[in-house]
Amino acid sequence: MKLNLGCGADIRDGYINVDVIKSRGVDVVCDISQKLPFEDNSCEEIIAQDILEHLTKEQLESTLAEISRVLLIGGRLKVRIPNINAIFDKFADDIDTRNLFLYGDTSQTGVWGVHKACYTKKTFVTLFKLNNLELLKFNESDTNFEFEFKKSNSEIKVKKILFINQTLGIGGAETFNLGLFKWLKNQDIIIKSYTTNDRFNKMLGDAQKIPVILDIIGNWRGLLKAIIFLPYGLWQYIKLFFIDFDLIYMSGFPEKIIVTPIAKLLNKPVVWVEFGPLETVFNKFFGLPKFLYRLVSRLPDVVIMPSRHTFKANVAITGIPTAKVRIIPCAIEIENCKLKIVNCSVVCVSRLEKGKGQDLLIEAWPRVLEKYPNAKLKIIGEGSMKLEPCKNVEITGYVEDAVKEIAQASVLVFPSLWELEGFGLVMLEAMSQGVPVVAYNRGTAPEIIDEHSGILVDDLAEGIIVMLKNPAKGGTKRFQENYTFDVIGPKYLEVFKYALAAHTAI
(Lines give C-alpha, C1' and ligand atoms only; values in the text may rest on other atoms or scores of the structure.)
Protein backbone atom coordinates (compact mmCIF):
# COMPACT_ATOMS: atom_id res chain seq x y z
CA MET A 1 0.00 0.00 0.00
CA LYS A 2 1.15 3.54 -0.79
CA LEU A 3 -0.05 6.69 0.94
CA ASN A 4 -0.06 10.21 -0.43
CA LEU A 5 -0.61 12.66 2.41
CA GLY A 6 -1.57 15.35 -0.07
CA CYS A 7 -0.35 18.92 0.03
CA GLY A 8 -1.24 22.09 1.88
CA ALA A 9 -4.01 22.94 -0.57
CA ASP A 10 -5.85 19.75 0.42
CA ILE A 11 -6.35 20.88 4.02
CA ARG A 12 -9.94 21.54 5.09
CA ASP A 13 -10.86 22.41 8.67
CA GLY A 14 -7.91 20.58 10.14
CA TYR A 15 -8.37 17.40 8.17
CA ILE A 16 -6.16 16.14 5.39
CA ASN A 17 -7.10 14.13 2.35
CA VAL A 18 -5.03 10.94 2.35
CA ASP A 19 -4.97 9.17 -1.01
CA VAL A 20 -4.51 5.44 -0.49
CA ILE A 21 -3.05 4.07 -3.73
CA LYS A 22 -3.62 0.37 -4.39
CA SER A 23 -4.63 -1.18 -7.66
CA ARG A 24 -7.48 1.35 -7.61
CA GLY A 25 -7.53 4.76 -5.97
CA VAL A 26 -9.36 5.04 -2.65
CA ASP A 27 -9.71 8.24 -0.63
CA VAL A 28 -9.56 8.28 3.16
CA VAL A 29 -10.05 11.53 5.05
CA CYS A 30 -8.26 11.78 8.39
CA ASP A 31 -6.39 14.17 10.64
CA ILE A 32 -2.70 13.31 10.32
CA SER A 33 -1.96 15.00 13.65
CA GLN A 34 -3.89 12.10 15.22
CA LYS A 35 -3.53 8.32 15.01
CA LEU A 36 -3.54 7.16 11.39
CA PRO A 37 -6.29 4.61 10.53
CA PHE A 38 -3.87 2.02 9.12
CA GLU A 39 -2.30 -1.14 10.49
CA ASP A 40 1.30 -1.42 11.64
CA ASN A 41 3.84 -2.12 8.88
CA SER A 42 1.19 -1.81 6.16
CA CYS A 43 2.68 0.83 3.83
CA GLU A 44 5.59 0.50 1.44
CA GLU A 45 5.70 4.19 0.49
CA ILE A 46 4.41 7.47 1.92
CA ILE A 47 4.56 10.85 0.18
CA ALA A 48 4.27 14.03 2.24
CA GLN A 49 4.79 17.05 0.02
CA ASP A 50 4.07 20.58 1.28
CA ILE A 51 2.15 19.30 4.29
CA LEU A 52 4.34 18.79 7.37
CA GLU A 53 5.08 22.51 7.74
CA HIS A 54 1.38 22.97 8.56
CA LEU A 55 1.88 21.07 11.80
CA THR A 56 3.37 22.41 15.00
CA LYS A 57 6.66 20.83 16.05
CA GLU A 58 4.81 18.85 18.73
CA GLN A 59 2.25 17.61 16.18
CA LEU A 60 5.04 16.71 13.77
CA GLU A 61 6.75 14.57 16.42
CA SER A 62 3.57 12.54 17.03
CA THR A 63 2.85 12.33 13.27
CA LEU A 64 6.34 11.00 12.57
CA ALA A 65 5.78 8.30 15.19
CA GLU A 66 2.59 7.32 13.36
CA ILE A 67 4.27 7.37 9.94
CA SER A 68 7.05 5.14 11.30
CA ARG A 69 4.46 2.79 12.79
CA VAL A 70 2.58 2.17 9.54
CA LEU A 71 5.66 2.09 7.30
CA LEU A 72 7.28 -1.24 6.48
CA ILE A 73 10.92 -1.86 7.38
CA GLY A 74 12.73 -0.68 4.26
CA GLY A 75 9.70 1.38 3.22
CA ARG A 76 10.27 4.86 1.78
CA LEU A 77 9.05 8.27 2.89
CA LYS A 78 9.32 11.21 0.49
CA VAL A 79 9.00 14.69 1.96
CA ARG A 80 9.08 18.27 0.70
CA ILE A 81 9.17 21.28 3.05
CA PRO A 82 10.05 24.98 2.61
CA ASN A 83 13.68 26.07 2.76
CA ILE A 84 13.50 29.27 4.77
CA ASN A 85 16.99 30.48 3.86
CA ALA A 86 16.26 30.06 0.14
CA ILE A 87 12.98 31.95 0.57
CA PHE A 88 14.77 34.88 2.21
CA ASP A 89 17.42 34.91 -0.50
CA LYS A 90 15.01 34.66 -3.43
CA PHE A 91 12.53 37.28 -2.21
CA ALA A 92 14.91 39.72 -0.52
CA ASP A 93 13.45 42.52 -2.67
CA ASP A 94 9.85 41.31 -2.54
CA ILE A 95 8.86 41.20 1.14
CA ASP A 96 5.13 40.57 0.61
CA THR A 97 5.78 37.51 -1.54
CA ARG A 98 8.42 36.33 0.93
CA ASN A 99 5.92 36.50 3.79
CA LEU A 100 3.35 34.59 1.73
CA PHE A 101 5.89 31.81 1.19
CA LEU A 102 6.85 31.80 4.87
CA TYR A 103 3.39 31.77 6.43
CA GLY A 104 1.29 30.12 3.72
CA ASP A 105 -1.69 31.18 1.67
CA THR A 106 -4.79 31.26 3.90
CA SER A 107 -7.14 32.78 1.30
CA GLN A 108 -8.68 29.41 0.46
CA THR A 109 -7.99 27.14 3.41
CA GLY A 110 -8.36 29.33 6.48
CA VAL A 111 -6.23 28.95 9.59
CA TRP A 112 -4.99 25.50 8.54
CA GLY A 113 -3.34 27.08 5.54
CA VAL A 114 -0.68 28.72 7.68
CA HIS A 115 2.81 27.32 8.10
CA LYS A 116 3.36 26.59 11.79
CA ALA A 117 7.01 25.56 11.79
CA CYS A 118 10.15 25.62 9.69
CA TYR A 119 13.30 23.56 10.00
CA THR A 120 16.94 23.43 9.08
CA LYS A 121 18.13 20.29 7.34
CA LYS A 122 19.89 19.03 10.49
CA THR A 123 16.92 19.62 12.81
CA PHE A 124 14.53 17.93 10.39
CA VAL A 125 16.74 14.88 9.87
CA THR A 126 17.23 14.59 13.64
CA LEU A 127 13.47 14.33 14.27
CA PHE A 128 13.20 11.61 11.63
CA LYS A 129 16.17 9.65 13.02
CA LEU A 130 14.40 9.54 16.38
CA ASN A 131 11.61 7.64 14.62
CA ASN A 132 13.85 5.10 12.84
CA LEU A 133 13.72 6.99 9.56
CA GLU A 134 17.16 7.18 7.95
CA LEU A 135 18.02 9.78 5.31
CA LEU A 136 18.67 8.30 1.85
CA LYS A 137 18.54 11.34 -0.46
CA PHE A 138 18.51 15.09 -0.05
CA ASN A 139 18.04 17.88 -2.57
CA GLU A 140 17.52 21.64 -2.54
CA SER A 141 14.96 22.54 -5.18
CA ASP A 142 14.15 26.23 -5.67
CA THR A 143 12.68 27.29 -2.28
CA ASN A 144 12.20 23.75 -0.95
CA PHE A 145 14.06 20.92 0.75
CA GLU A 146 13.35 17.47 -0.69
CA PHE A 147 14.10 14.37 1.36
CA GLU A 148 13.78 10.64 0.94
CA PHE A 149 13.91 8.48 4.07
CA LYS A 150 13.96 4.73 4.64
CA LYS A 151 12.38 2.97 7.62
CA SER A 152 15.08 1.07 9.51
CA ASN A 153 14.98 -1.25 12.50
CA SER A 154 17.85 0.52 14.27
CA GLU A 155 16.45 2.48 17.21
CA ILE A 156 18.36 5.36 18.81
CA LYS A 157 19.43 3.97 22.18
CA VAL A 158 21.41 5.50 25.01
CA LYS A 159 23.50 2.78 26.64
CA LYS A 160 26.41 4.50 28.41
CA ILE A 161 26.60 8.04 29.79
CA LEU A 162 29.80 9.70 31.00
CA PHE A 163 29.06 12.07 33.90
CA ILE A 164 31.80 14.59 34.80
CA ASN A 165 31.33 16.91 37.74
CA GLN A 166 33.48 19.31 39.76
CA THR A 167 31.76 19.94 43.09
CA LEU A 168 32.87 20.97 46.55
CA GLY A 169 29.78 19.65 48.37
CA ILE A 170 26.36 18.05 48.17
CA GLY A 171 23.59 20.46 47.17
CA GLY A 172 20.39 20.41 45.17
CA ALA A 173 22.15 19.64 41.88
CA GLU A 174 23.94 16.63 43.33
CA THR A 175 20.77 15.38 45.03
CA PHE A 176 18.85 15.61 41.75
CA ASN A 177 21.56 13.82 39.77
CA LEU A 178 21.66 10.98 42.31
CA GLY A 179 17.95 10.38 41.79
CA LEU A 180 18.20 10.75 38.01
CA PHE A 181 21.03 8.24 37.75
CA LYS A 182 19.15 5.72 39.86
CA TRP A 183 16.19 6.01 37.48
CA LEU A 184 18.43 5.72 34.41
CA LYS A 185 20.15 2.63 35.82
CA ASN A 186 16.71 1.06 36.20
CA GLN A 187 16.38 1.53 32.43
CA ASP A 188 19.58 -0.52 31.96
CA ILE A 189 21.69 2.57 31.20
CA ILE A 190 25.25 2.57 32.50
CA ILE A 191 26.42 5.77 34.22
CA LYS A 192 30.19 6.25 34.39
CA SER A 193 30.72 9.00 36.97
CA TYR A 194 33.87 11.02 37.66
CA THR A 195 33.73 13.79 40.27
CA THR A 196 36.07 15.74 42.54
CA ASN A 197 34.13 15.06 45.76
CA ASP A 198 34.78 11.93 47.84
CA ARG A 199 31.41 12.06 49.60
CA PHE A 200 29.54 12.47 46.32
CA ASN A 201 31.52 9.61 44.77
CA LYS A 202 30.56 7.39 47.70
CA MET A 203 26.89 8.31 47.29
CA LEU A 204 27.08 7.58 43.56
CA GLY A 205 28.39 4.13 44.43
CA ASP A 206 30.69 3.29 41.54
CA ALA A 207 32.13 6.75 40.78
CA GLN A 208 35.82 7.55 40.49
CA LYS A 209 37.82 10.52 41.74
CA ILE A 210 39.05 13.37 39.57
CA PRO A 211 42.31 14.21 41.40
CA VAL A 212 42.42 17.93 40.63
CA ILE A 213 40.00 20.85 41.11
CA LEU A 214 40.18 23.63 38.51
CA ASP A 215 38.15 26.28 40.32
CA ILE A 216 37.65 29.14 37.88
CA ILE A 217 34.58 30.64 39.61
CA GLY A 218 35.65 30.70 43.27
CA ASN A 219 38.19 33.16 44.65
CA TRP A 220 41.45 34.56 43.28
CA ARG A 221 43.50 31.92 45.06
CA GLY A 222 41.45 29.17 43.45
CA LEU A 223 41.76 30.77 40.03
CA LEU A 224 45.56 31.01 40.34
CA LYS A 225 45.73 27.38 41.42
CA ALA A 226 43.55 26.38 38.46
CA ILE A 227 45.90 28.15 36.04
CA ILE A 228 48.94 26.40 37.53
CA PHE A 229 47.34 22.95 37.45
CA LEU A 230 45.56 23.39 34.09
CA PRO A 231 47.92 21.12 32.07
CA TYR A 232 47.56 18.34 34.64
CA GLY A 233 43.79 18.84 34.77
CA LEU A 234 43.51 18.72 30.99
CA TRP A 235 45.32 15.41 30.92
CA GLN A 236 42.97 13.98 33.58
CA TYR A 237 39.96 14.96 31.45
CA ILE A 238 41.49 13.80 28.17
CA LYS A 239 42.07 10.34 29.71
CA LEU A 240 38.29 10.00 30.19
CA PHE A 241 37.79 9.97 26.43
CA PHE A 242 39.46 6.56 26.25
CA ILE A 243 36.39 5.19 28.08
CA ASP A 244 33.54 3.68 26.07
CA PHE A 245 30.44 5.94 26.25
CA ASP A 246 27.65 7.35 24.08
CA LEU A 247 27.50 10.92 25.34
CA ILE A 248 28.77 13.27 28.05
CA TYR A 249 26.48 14.83 30.64
CA MET A 250 27.77 17.75 32.75
CA SER A 251 26.20 20.04 35.35
CA GLY A 252 29.13 21.99 36.82
CA PHE A 253 30.70 25.17 35.43
CA PRO A 254 34.44 24.36 35.07
CA GLU A 255 34.06 21.02 33.32
CA LYS A 256 31.77 22.55 30.71
CA ILE A 257 34.48 25.06 29.78
CA ILE A 258 37.26 22.49 29.70
CA VAL A 259 35.65 19.25 28.50
CA THR A 260 33.18 20.47 25.86
CA PRO A 261 35.78 21.66 23.30
CA ILE A 262 37.66 18.36 23.70
CA ALA A 263 34.41 16.45 23.14
CA LYS A 264 33.68 18.38 19.97
CA LEU A 265 37.19 17.78 18.63
CA LEU A 266 36.75 14.05 19.29
CA ASN A 267 33.22 14.00 17.85
CA LYS A 268 31.33 13.14 21.07
CA PRO A 269 27.81 14.44 21.86
CA VAL A 270 27.46 16.72 24.90
CA VAL A 271 24.47 17.57 27.10
CA TRP A 272 24.63 20.33 29.71
CA VAL A 273 22.24 21.02 32.55
CA GLU A 274 22.30 24.60 33.83
CA PHE A 275 20.53 24.52 37.18
CA GLY A 276 20.58 28.24 38.01
CA PRO A 277 21.11 31.81 36.75
CA LEU A 278 24.72 32.61 35.84
CA GLU A 279 24.90 36.40 36.06
CA THR A 280 26.63 36.50 39.46
CA VAL A 281 29.19 33.93 38.33
CA PHE A 282 29.77 35.84 35.10
CA ASN A 283 30.64 39.02 36.99
CA LYS A 284 33.59 37.45 38.82
CA PHE A 285 37.22 38.13 37.88
CA PHE A 286 36.33 41.10 35.63
CA GLY A 287 34.07 38.94 33.49
CA LEU A 288 36.55 36.12 32.78
CA PRO A 289 34.01 33.31 33.45
CA LYS A 290 31.55 34.94 31.04
CA PHE A 291 34.23 35.23 28.37
CA LEU A 292 35.23 31.57 28.73
CA TYR A 293 31.65 30.35 28.86
CA ARG A 294 30.61 32.21 25.72
CA LEU A 295 33.56 30.69 23.86
CA VAL A 296 31.98 27.24 24.24
CA SER A 297 28.26 28.01 24.75
CA ARG A 298 27.27 27.07 21.20
CA LEU A 299 29.03 23.69 21.31
CA PRO A 300 26.74 21.44 23.41
CA ASP A 301 24.07 19.50 21.51
CA VAL A 302 21.38 20.25 24.14
CA VAL A 303 21.22 22.42 27.27
CA ILE A 304 18.65 21.57 29.94
CA MET A 305 17.33 24.24 32.31
CA PRO A 306 14.92 23.46 35.17
CA SER A 307 12.69 26.54 34.99
CA ARG A 308 11.58 29.40 32.76
CA HIS A 309 13.10 31.72 35.37
CA THR A 310 16.53 30.18 34.79
CA PHE A 311 16.00 30.22 31.03
CA LYS A 312 15.09 33.92 30.97
CA ALA A 313 18.02 34.80 33.21
CA ASN A 314 20.56 32.90 31.12
CA VAL A 315 19.55 32.95 27.48
CA ALA A 316 20.40 36.61 26.88
CA ILE A 317 23.85 36.50 28.49
CA THR A 318 25.20 33.04 27.75
CA GLY A 319 25.11 32.87 23.97
CA ILE A 320 23.41 29.45 24.14
CA PRO A 321 21.18 29.07 21.04
CA THR A 322 17.55 29.09 22.17
CA ALA A 323 16.74 26.14 19.91
CA LYS A 324 19.15 23.98 21.92
CA VAL A 325 17.45 24.67 25.28
CA ARG A 326 14.97 22.27 26.87
CA ILE A 327 13.11 23.34 30.02
CA ILE A 328 12.64 20.30 32.27
CA PRO A 329 11.80 20.66 35.98
CA CYS A 330 13.75 18.89 38.69
CA ALA A 331 12.46 15.88 40.58
CA ILE A 332 13.11 14.14 43.88
CA GLU A 333 12.84 10.55 45.03
CA ILE A 334 10.87 10.56 48.29
CA GLU A 335 8.18 8.47 49.89
CA ASN A 336 5.45 9.91 52.10
CA CYS A 337 6.68 9.85 55.72
CA LYS A 338 3.10 9.80 57.09
CA LEU A 339 4.09 11.48 60.36
CA LYS A 340 1.85 13.34 62.76
CA ILE A 341 1.91 17.10 62.15
CA VAL A 342 2.89 19.28 65.11
CA ASN A 343 0.23 21.99 65.36
CA CYS A 344 1.29 25.55 64.41
CA SER A 345 4.81 24.44 63.51
CA VAL A 346 6.75 26.20 60.77
CA VAL A 347 9.98 24.96 59.22
CA CYS A 348 12.58 26.46 56.90
CA VAL A 349 15.23 24.19 55.33
CA SER A 350 18.11 25.80 53.44
CA ARG A 351 21.77 26.74 53.58
CA LEU A 352 22.41 29.68 55.91
CA GLU A 353 23.76 32.30 53.54
CA LYS A 354 22.91 35.72 52.25
CA GLY A 355 19.95 35.71 49.90
CA LYS A 356 18.38 32.52 51.22
CA GLY A 357 16.03 34.66 53.33
CA GLN A 358 16.23 33.19 56.83
CA ASP A 359 16.98 36.69 58.19
CA LEU A 360 13.80 38.01 56.53
CA LEU A 361 11.83 35.13 58.03
CA ILE A 362 13.04 35.91 61.56
CA GLU A 363 12.23 39.57 60.99
CA ALA A 364 8.65 38.63 60.05
CA TRP A 365 8.18 36.06 62.81
CA PRO A 366 6.98 38.39 65.65
CA ARG A 367 3.95 39.29 63.54
CA VAL A 368 3.08 35.60 63.26
CA LEU A 369 3.30 35.27 67.05
CA GLU A 370 0.80 38.12 67.46
CA LYS A 371 -1.80 35.91 65.75
CA TYR A 372 -0.49 32.50 66.91
CA PRO A 373 1.41 32.97 70.22
CA ASN A 374 2.22 29.25 70.47
CA ALA A 375 3.62 28.91 66.96
CA LYS A 376 7.10 27.38 66.67
CA LEU A 377 9.67 28.07 63.95
CA LYS A 378 12.52 25.67 63.20
CA ILE A 379 15.33 26.83 60.89
CA ILE A 380 17.41 23.95 59.55
CA GLY A 381 20.66 24.30 57.63
CA GLU A 382 24.38 24.98 57.77
CA GLY A 383 26.23 28.04 56.59
CA SER A 384 28.08 31.22 57.42
CA MET A 385 25.15 33.58 58.00
CA LYS A 386 24.61 34.51 61.67
CA LEU A 387 21.00 34.82 62.77
CA GLU A 388 19.67 36.84 65.71
CA PRO A 389 17.70 34.69 68.18
CA CYS A 390 13.96 35.28 68.45
CA LYS A 391 11.09 33.97 70.59
CA ASN A 392 9.84 30.47 69.69
CA VAL A 393 12.62 30.04 67.10
CA GLU A 394 14.99 27.07 67.05
CA ILE A 395 18.08 27.09 64.80
CA THR A 396 19.19 23.48 64.53
CA GLY A 397 22.00 23.46 61.98
CA TYR A 398 22.34 20.29 59.92
CA VAL A 399 19.89 17.43 60.50
CA GLU A 400 20.17 13.90 59.13
CA ASP A 401 16.60 13.67 57.79
CA ALA A 402 15.23 17.07 56.76
CA VAL A 403 12.22 15.52 55.03
CA LYS A 404 11.10 14.01 58.33
CA GLU A 405 11.24 17.48 59.89
CA ILE A 406 9.24 18.91 57.00
CA ALA A 407 6.63 16.14 57.22
CA GLN A 408 5.86 17.04 60.85
CA ALA A 409 5.45 20.77 60.14
CA SER A 410 2.23 22.67 59.50
CA VAL A 411 3.93 24.96 56.96
CA LEU A 412 7.23 25.13 55.08
CA VAL A 413 8.62 28.58 54.30
CA PHE A 414 10.86 29.09 51.26
CA PRO A 415 12.03 32.70 51.75
CA SER A 416 14.81 32.67 49.15
CA LEU A 417 15.70 35.78 47.15
CA TRP A 418 19.04 34.25 46.12
CA GLU A 419 20.17 35.39 42.67
CA LEU A 420 21.51 31.94 41.78
CA GLU A 421 18.36 30.05 42.81
CA GLY A 422 17.53 27.81 39.88
CA PHE A 423 14.73 25.70 41.28
CA GLY A 424 14.27 24.92 45.00
CA LEU A 425 14.03 21.18 45.71
CA VAL A 426 12.86 21.80 49.28
CA MET A 427 9.52 22.97 47.88
CA LEU A 428 9.12 19.58 46.22
CA GLU A 429 9.99 17.86 49.50
CA ALA A 430 7.18 19.76 51.21
CA MET A 431 4.71 19.03 48.40
CA SER A 432 5.57 15.34 48.53
CA GLN A 433 4.48 15.28 52.20
CA GLY A 434 1.35 17.37 51.67
CA VAL A 435 2.85 20.31 53.62
CA PRO A 436 1.81 23.74 52.24
CA VAL A 437 4.54 26.12 51.09
CA VAL A 438 4.87 29.86 51.66
CA ALA A 439 7.25 31.49 49.17
CA TYR A 440 7.96 34.88 47.69
CA ASN A 441 6.10 35.56 44.46
CA ARG A 442 9.27 35.71 42.37
CA GLY A 443 12.08 33.58 41.04
CA THR A 444 11.24 29.93 40.50
CA ALA A 445 8.44 29.62 43.08
CA PRO A 446 5.58 30.78 40.77
CA GLU A 447 6.39 27.91 38.40
CA ILE A 448 6.27 25.31 41.18
CA ILE A 449 3.65 26.43 43.70
CA ASP A 450 -0.03 26.81 42.83
CA GLU A 451 -3.12 27.51 44.94
CA HIS A 452 -3.41 23.80 45.81
CA SER A 453 0.13 23.46 47.15
CA GLY A 454 0.76 26.76 48.94
CA ILE A 455 0.74 30.52 48.63
CA LEU A 456 2.93 33.10 46.89
CA VAL A 457 3.40 36.35 48.80
CA ASP A 458 5.24 39.62 49.12
CA ASP A 459 4.75 39.48 52.91
CA LEU A 460 6.05 36.33 54.65
CA ALA A 461 4.18 36.87 57.91
CA GLU A 462 0.87 37.30 56.13
CA GLY A 463 1.42 34.15 54.09
CA ILE A 464 2.32 32.04 57.13
CA ILE A 465 -0.77 33.24 58.99
CA VAL A 466 -3.00 32.38 56.01
CA MET A 467 -1.52 28.88 55.67
CA LEU A 468 -1.75 28.17 59.40
CA LYS A 469 -5.44 29.10 59.31
CA ASN A 470 -6.41 27.50 55.97
CA PRO A 471 -3.61 25.21 54.76
CA ALA A 472 -3.47 24.21 51.10
CA LYS A 473 -4.00 20.46 50.75
CA GLY A 474 -3.27 19.55 47.14
CA GLY A 475 0.51 19.51 47.11
CA THR A 476 0.93 15.72 47.07
CA LYS A 477 -1.14 15.29 43.91
CA ARG A 478 0.72 18.08 42.13
CA PHE A 479 4.03 16.55 43.17
CA GLN A 480 3.11 13.08 41.91
CA GLU A 481 1.86 14.42 38.58
CA ASN A 482 4.84 16.68 37.86
CA TYR A 483 7.97 16.11 39.93
CA THR A 484 8.73 12.42 40.33
CA PHE A 485 11.47 10.66 38.37
CA ASP A 486 8.83 8.54 36.64
CA VAL A 487 7.72 11.83 35.07
CA ILE A 488 11.03 13.68 34.69
CA GLY A 489 13.33 10.73 33.94
CA PRO A 490 11.75 9.95 30.53
CA LYS A 491 12.10 13.60 29.56
CA TYR A 492 15.84 13.52 30.29
CA LEU A 493 16.16 10.26 28.39
CA GLU A 494 14.44 11.81 25.35
CA VAL A 495 16.94 14.68 25.49
CA PHE A 496 19.84 12.22 25.56
CA LYS A 497 18.38 10.39 22.56
CA TYR A 498 17.89 13.69 20.74
CA ALA A 499 21.52 14.64 21.40
CA LEU A 500 22.70 11.33 19.92
CA ALA A 501 20.46 11.74 16.87
CA ALA A 502 21.41 15.39 16.35
CA HIS A 503 25.08 14.58 16.62
CA THR A 504 24.89 12.11 13.75
CA ALA A 505 22.34 13.97 11.61
CA ILE A 506 23.82 15.06 8.28
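## Aromatic pairs

Let's start with the rings: this structure holds 26 aromatic pairs. Two rings of Phe, Tyr or Trp (for Trp, its six-membered ring) make a pair if their centres lie within 6.5 Å; planes under 30 degrees apart count as stacked, over 60 as edge-to-face and the rest as tilted. Take F138 and F145: their ring centres are 5.5 Å apart and their planes stand at 50°, so the pair is tilted. F145 also pairs with F147, with centres 6.0 Å apart and planes at 70°, so this one is edge-to-face.

How buried are these residues? F145 has 7% relative accessibility, so it counts as buried, and F147 is buried too. F138, at 27%, counts as partly exposed. (Buried means under 20% relative accessible area, exposed over 50%, and partly exposed in between, using a 1.4 Å probe and protein chains only.)

## Where the model comes from

This is a predicted model: local features need pLDDT of at least 70, side-chain atom pairs count only at pLDDT 80 or more, and totals for chains, interfaces and linings use all residues. Residues are numbered from 1 along each chain as its sequence is written, and side-chain values use heavy atoms, with hydrogens and water left out.

F163, F176, F181, F200, Y249, F275, F485, Y492 and F496 form one aromatic cluster.

Elsewhere, charges meet rings. The charged end of K268 sits over the ring of F245, 4.8 Å from its centre, and R351 lies over the face of W418, 5.2 Å from the ring centre. (To count, NZ of Lys or CZ of Arg must be within 6 Å of the ring centre and within 35 degrees of the ring normal.)

## The nonpolar cores

A nonpolar core is a set of buried Ala, Val, Leu, Ile, Met, Phe, Trp, Tyr and Cys residues joined through side-chain atoms within 4.5 Å. The largest has 90 residues, and L52, V79, F128, F176, L184, Y249 and Y492 touch the most other members. Its largest share, 11 residues, comes from helix α19 (residues 485-504). Helices (H or I, at least four residues) and strands (E, at least two) are DSSP runs, numbered from the N terminus.

What does V79 touch, leaving aside neighbours within four places in sequence? It is in contact (heavy atoms within 4.5 Å) with A48, L52, F124, F128, F145, E146, F147 and F149. Another core, of 35 residues, lies apart from the largest one, and A226, V296, V303 and I320 are among its members.
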